[in-house]
Amino acid sequence: MASRTVRRSAVLGPLVLTLLAGPAHAVDGRPGGAPSAAALPAPDTAGLTAVLRTALTQGAPGAMARIDDHRTAWDDHATVYQATEGVSDRTTRAPIGTADRFRIGSVTKTFSAVVLLQLAAEGKVKLDTSVNRYLPGLLPDDRITVRQVLSHRSGLYDYTYDMFAESVSGFEAVRTKVFTYRQLVARSLQHPLTHAPGSAYAYSNTNFVVAGLLIEKLTGHAVGTEYANRVVKPLKLADTFYVHPDMKIPGRHTHGYLTPDASGAPLVDATEQTMSWAQSAGAVISSARDLNTFLSALLGGRLLPAAQLAQMEKWLPAGTGQAYGLGLRRRDLSCGVSVYGHTGAVQGFYTYAFTTKDGRRSLTALTNTSNNGTVHQTMLRTLESAFCGKPATSRRTATPPDPAVTNDLAR
Ligand code: HEL
């Protein structure tokens, strides 16, 4: 039996510490900019619940969403909206909860980009310098820059296309494996570059494996140490971990279920895995509250100086209704609001984590299944419910995907 709740509560007190002082960044890639959260309509909580229920009818065991709405000042009073449907564990039938930890997949890329941009602010790396300057001989083309890696414009082939061509056997082949970053890069380099460096956008996990190598080279520390010291501890993110190659999710968490390619085959419990195939491209564990805090802090100018946040928000088109900056996605919603964050899609977990331009309203939505494009598209509608409010007239739909250019969201 599916469980369901919609709750609204006031959360008091500062959610994060002020880090690098600097004003909220005011540049928006869209003509006319975007309204601040203060001007947004109230979230459509009924609509949010309906989206989660739809995901369940399409095969998701559970789905949940949490909205943190800071109406007056982002770190003052927050109204929290929470919605849950279904179960976290198909065996025990335990209900999914908004406090459950889960695998955030590629939202990890935003963490990696923040670390590298902090290093840029410290003068330890230059965005337009060749990656090979820092990691001699790593890449086959000296023209590939740090910026191109962070914006998916390097042309480096995504090794996960080969790895997960068959979803279940591909996953089981890597579930317990431990890779070095260089082994993952070597898999990519078995293929030629997909395009000349800088000439096109093509989402590739390889880019953020290179980002992890850069972080380790520039700091002398493992990426987990840098996430902890630069993001997790300063923001007091109690549910955020990088445990690679430990296979378990610590503490209360939801199970994740991979949908097999063969229609009707039983879901595969994919909760436990090393995530070594992803590492700095996708191995972070977190919670809805922590992701909302993280993105609020980032867009609110509290993780990066204004100059580096501006670099992160240099948008290039990445498909219909969306753009990519440096480890950061922008999605343009039907109501004219743009939101900023990332998506994640790893075995058993689909995540949407986005915030407004000023970081005041944030949404994290999670469903504990994957390899189900229908559910993935359904969960996209949580953004409309969270940021656009109730549809004025007929049912609102998000910008339809363009199959020619949105393949990175449809895997
Ligand atoms: S793919 C994405 C998403 N990103 C990228 C990364 C992540 N995740 C992966 O690269 C995993 C791909 C395999 C996932 C697996 C499944 O659904 O469980 N699919 C298959 O095995 C298909 N044969 C661009 C969608 C993102 O949103 O950024 O996370």
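A charge is said to sit over a ring if NZ of Lys or CZ of Arg is within 6 Å of the ring centre and within 35 degrees of the ring normal. Lys-357 lies in this way over the face of Tyr-340, at 5.1 Å from the ring centre, and Arg-90 lies over the face of Tyr-257, at 5.6 Å from the ring centre.

The model is predicted, so that local features need pLDDT of at least 70 and side-chain atom pairs count only at pLDDT 80 or more, while totals for chains, interfaces and linings use all residues. Residues are numbered from 1 along each chain as its sequence is written, and side-chain values use heavy atoms, with hydrogens and water left out.

Rings of Phe, Tyr and Trp (its six-membered ring) pair if their centres lie within 6.5 Å, and planes under 30 degrees apart count as stacked, over 60 as edge-to-face and the rest as tilted. By this rule there are eight aromatic pairs, including the pair of Phe-164 and Trp-277, which is edge-to-face because the ring centres are 4.8 Å apart and the planes stand at 80°. Tyr-203 and Tyr-324 also form an edge-to-face pair, with 6.4 Å from centre to centre and 90° between the planes. Ring pairs also link Phe-111, Tyr-227, Tyr-242 and Phe-294 into a cluster.

The table gives relative accessible areas, where buried means under 20%, exposed over 50% and partly exposed in between (1.4 Å probe, protein chains only).

| Residue | Relative accessible area | Class |
|---|---|---|
| Phe-164 | 18% | buried |
| Trp-277 | 4% | buried |
| Tyr-203 | 9% | buried |
| Tyr-324 | 1% | buried |
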